[in-house]
Amino acid sequence: LLLVNFMSMYFVVSRLFTKSVALKTAFLLLLFPFSIFFRSYFSEGLFLFILIWFTYFLIKRNWTLSAFCLSLLTITKGNGWLLNVFFLYLLLKEVKNGGIRGNKAFIATCITFLPLLLWVVYNFFQTGNPFYFYTARTAWIFSIPFYSLFHNVTNILSFPTIPIHSFHASQIDVIVMLLGLILIVKSKKSLPFELWVTSIILLVTPLAIQYTMGFSRSQIISFPLFIYFATLVPKRVFFVLLFLFTVGLFVTSLFFVNWYWIG
């Protein structure tokens, strides 16, 4: 998946920007210290691969392939569920403008939700509970509406008093959150609309449904932010960052393989 993600990133970004930006983006993202999760059994590697191609097909207005990719994103990781709303908004807008017929839009919508429906049916026959996957998740995160968002806002406001790095509250996660927000605001005019909204969804969703715990990990799949960052970095600075990222990745790897929580 590392190799496939690198090639996919280079292919897609080079067609939307330049080959230089594509190469910088691929290296910066896959050597980012928290990208250690791309090197293990976590779902981030698979999610990133599908997300890259979903956004590419969406920009190219290939509704069938983008719907297929979105359907797989939905059952891979919960961070992308709001992408369904964004996809349907663009799809309805395209129908209204006459860019796609209503029957084809309906088929694309069905494709989007079919894997989730099959997953729900599978859960039901295996456990008697069609939403067993959500029930299992509540064992880790409280499911009270808006509780996670309230908890995260409290963490942000309590930044000076929370530990630098911890399980449920971490200054590192808050810093990553604020940096991501700054990059999103500044990248509005530089990124294609589809990529820009995707980066917003990938930042907002984790804050709404879970603690800041693991927020740094959740942002490694937000490749549009790395694209924008790559457009800003001069060649000399890029190599310095590449060195620092590699050292940081080595350090996080030591913690990771020794079962220490790193984000």
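The expected span of a helix is 1.5 Å times one less than its number of residues. Helices here are DSSP runs of H or I with at least four residues, numbered from the N terminus. With that settled, let me turn to helix α9.

The structure is a predicted model, in which local features need pLDDT of at least 70 and side-chain atom pairs count only at pLDDT 80 or more, whereas totals for chains, interfaces and linings use all residues. Residues are numbered from 1 along each chain as its sequence is written, and side-chain values use heavy atoms, with hydrogens and water left out.

Helix α9 contains 16 residues, and from its first C-alpha to its last it reaches 23 Å, close to the 22 Å expected at 1.5 Å a residue. At its start, a side-chain oxygen of Ser170 comes to within 3.2 Å of the backbone nitrogen of Ile172. Among the buried residues of α9 are Asp173, Val174, Val176 and Ile184; buried means under 20% relative accessible area, with a 1.4 Å probe and protein chains only. What do the buried residues of α9 pack against? Their partners are α8 (147-157), α10 (193-209), α11 (215-218) and α12.

Asn155 counts as buried because its relative accessible area is 8%. Leaving aside neighbours within four places in sequence, Asn155 is in contact (heavy atoms within 4.5 Å) with Ile162, His168, Ala169, Val174 and Thr212. Val174 is itself one of the buried residues of α9.

I now move to the second largest pocket. Its volume is about 460 Å³, a volume being the space filled by probe spheres set on grid points that are joined across faces, edges and corners. A pocket is an open set of points, on a 1 Å grid over the protein atoms alone, where a 1.4 Å probe fits, with protein on both sides within 12 Å along at least five of seven lines; lining residues have an atom within 4 Å of a point. Of the 16 lining residues, Phe32, Val176, Leu179, Phe226 and Phe245 are the closest to the centre. Which helix gives the most to this lining? It is α9, with 5 residues, and α12 (223-232) also supplies at least two. By class, the lining has 12 nonpolar, 4 polar and no charged residues.

Finally, Leu116 lies in helix α6, residues 102-127. Leu116 counts as buried because its relative accessibility is 17%. Thr74 is 42 residues away from Leu116 in sequence, yet their C-alpha atoms are 6.9 Å apart. Beyond neighbours within four places in sequence, Leu116 is in contact with Thr74, Ile75 and Trp81.

How values were computed: Buried < 20%, exposed > 50% of the residue type's maximum accessible area, 1.4 Å probe, protein only. Nonpolar A, V, L, I, M, F, W, Y, C, P; charged D, E, K, R; others polar. Polar contact = N/O pair within 3.5 Å; in protein donor to acceptor, adjacent residues only side chain to side chain.
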